[in-house]
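Please keep the sequence and the structure in view while reading.

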Amino acid sequence: QIIVEGIIPEGYGLLPGEQDDEDAAMIKVLQFGRCGIKSIVVSLSDPVWEAHATLWCQGLSALSLFKTKRYF
């Protein structure tokens, strides 16, 4: 239901008021190839990553509603 209704949970840095300019401009350099000599720069604010982050936070938010016994 969280996903279907498009609810974005608060406190995960996904809502507009939760991000500052530094967060919005985050990039990650991914190295690949033999010995990691090639690299690609990925903007974490790209809509593709934003959708994955939203889905992950929706799941985490839903799981946090369950009370569980701690085994560790």
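L44 touches M26, I27, K28, W49 and E50, residues up to four places away in sequence not being counted; a contact here means heavy atoms within 4.5 Å. L44 and I27 are 17 residues apart in sequence, yet their C-alpha atoms are 5.5 Å apart in space. The loop that holds L44 runs between β2 (38-43) and α3 (47-63). Helices (H or I, at least four residues) and strands (E, at least two) are DSSP runs, numbered from the N terminus.

With a relative accessible area of 37%, L44 is partly exposed. The classes are buried, under 20% relative accessible area, exposed, over 50%, and partly exposed in between, with a 1.4 Å probe and protein chains only. L44 also belongs to a nonpolar surface patch together with M26, V48 and W49, and the four have about 360 Å² of accessible area together. Accessible areas come from the Shrake-Rupley method with a 1.4 Å probe, and for residues only the protein chains shown count as cover. A patch is made of residues with over 30% relative accessible area and no salt bridge, in which like charges are joined within 9 Å and nonpolar side chains (Val, Leu, Ile, Met, Phe, Trp, Tyr) within 5 Å. A salt bridge, in turn, is a side-chain nitrogen of Lys or Arg within 4 Å of a carboxyl oxygen of Asp or Glu.

α3 has 17 residues and reaches 24 Å from its first C-alpha to its last, close to the 24 Å expected at 1.5 Å a residue; the expected span is 1.5 Å times one less than the number of residues. Which residues of α3 are buried? They are T54, C57, Q58 and S61. Seen down the axis of α3, these buried residues fall within an arc of 105°, so they line one face of the helix; the arc is that of the directions from the helix axis to the C-beta atoms. On the other side of α3, W56 and L63 are exposed.

What covers the buried residues of α3 includes α1 (2-5). Q58, in helix α3, is buried at a relative accessible area of 6%. Its contacts, leaving aside neighbours within four places in sequence, are with I2, I3, G6, I7 and P9. T54 is likewise found in helix α3 and is buried, with a relative accessible area of 16%.

The protein as a whole has three helices and two strands, and its elements run α-α-β-β-α from the N terminus on. Buried residues make up 10% of its 72 residues. Of the contacts with a separation of 6 or more, 31% are between residues 24 or more positions apart. The protein exposes about 6,600 Å², of which carbon and sulfur atoms supply 61%.

Residues are numbered from 1 along each chain as its sequence is written, and side-chain values use heavy atoms, with hydrogens and water left out. Because the model is predicted, local features need pLDDT of at least 70 and side-chain atom pairs count only at pLDDT 80 or more, while totals for chains, interfaces and linings use all residues.
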